[in-house]
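Biologist: Could we go through this protein together? I would like to begin with one of its helices and then move on to the sheet.

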Amino acid sequence: ARLRDLTRPSRARGCAVPATHRLRRSCRRCCCGRRRRPGPARRLRTPRKQRLAGTAIAMLASAVRRAATSCANNRAATARGLRSKHYLLQYDYVENALEKRAPHRPAHLKHAKEAFERGELRMGGAYSDLSGATVLFECDDQSTVERFATADPYVTSGLVSSYRIKEWTVVDLASV
């Protein structure tokens, strides 16, 4: 009878460990490390920061998967001789660009987001001194970058005094 008492399930449902087994409340695990299942009246709630962190981790994992797929596709395309090229679009801003760009910024970001969703724009941003910006594209030809630049609200509104497009040779360190 005594042996049966020691091996009966403890408070943690489904955990067949000695009756002296206790739960650690801080991490919702038993002292042996097994996960504790909540009872029907007890619902586990995740704090808001943990939910947001989980969302951020999921978004990061998704971005990593997309990048890995992109790298694999680029390597396969390179093997077939169909590699897309990288281009840098470099903007030179006019004086007082910070004040002048505010009304055009939402349209500019929408324009950039559309190019990103088409898979042409990879990343971009302004220089810290706000003298200009650089945008990285991955596409088949320079005309795609030219179309983006001529339709960009920053360029059409006169915020950009000049722009340059340069082909950029990228070393794939994974294949070296």
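This is a predicted model: local features need pLDDT of at least 70, side-chain atom pairs count only at pLDDT 80 or more; totals for chains, interfaces and linings use all residues.

Biologist: Which residues of α4 are buried?

Modeller: They are H108, H111, A112 and A115. Seen down the axis of α4, these buried residues fall within an arc of 95°, so they line one face of the helix.

Biologist: And what does the face turned away from the buried side carry?

Modeller: That face of α4 carries the exposed residues P106, K110 and E117.

Biologist: What do the buried residues of α4 pack against?

Modeller: Their packing partners are β4 (121-126), α5 (142-151) and α6 (153-156).

Biologist: Let us take H111 in α4. Why does H111 count as buried?

Modeller: Its relative accessibility is 15%, and buried means under 20%, so H111 counts as buried.

Biologist: Which residues is H111 in contact with, leaving aside its neighbours within four places in sequence?

Modeller: H111 is in contact with F148, A151, D152 and P153.

Biologist: What happens just after α4?

Modeller: There, G119 takes a positive phi of about 90°.

Biologist: Now the sheet. In what order do its strands lie?

Modeller: Four strands form an open sheet in the order β4-β5-β3-β6, with antiparallel pairing. The edge strands are β4 and β6 (160-168), each of which pairs on one side only. From one strand to the next, the twist averages 15°.

Biologist: How many bridges join β4 to β5?

Modeller: Five bridges join β4 to β5 (residues 132-139), and these two strands run antiparallel. As one example, G124 has V135 in β5 as its bridge partner.

Biologist: Which strands does α5 touch where it packs on the sheet?

Modeller: Helix α5 touches β3 (85-93), β4, β5 and β6, and its direction makes about 25° with that of β3.

Biologist: Stepping back, how many helices and strands does the protein have?

Modeller: It has six helices and six strands. From the N terminus on, the elements run α-β-β-α-β-α-α-β-β-α-α-β.

Definitions and conventions. Residues are numbered from 1 along each chain as its sequence is written. Side-chain values use heavy atoms; hydrogens and water are left out. Buried means under 20% relative accessible area, exposed over 50%, partly exposed in between (1.4 Å probe, protein chains only). The arc is that of the directions from the helix axis to the C-beta atoms. Contact means heavy atoms within 4.5 Å. Two strands pair if DSSP finds at least two bridges between them. Axes are lines fitted to C-alpha atoms, for helices over the stretch in contact, and angles run from 0 to 180 degrees between N-to-C directions.
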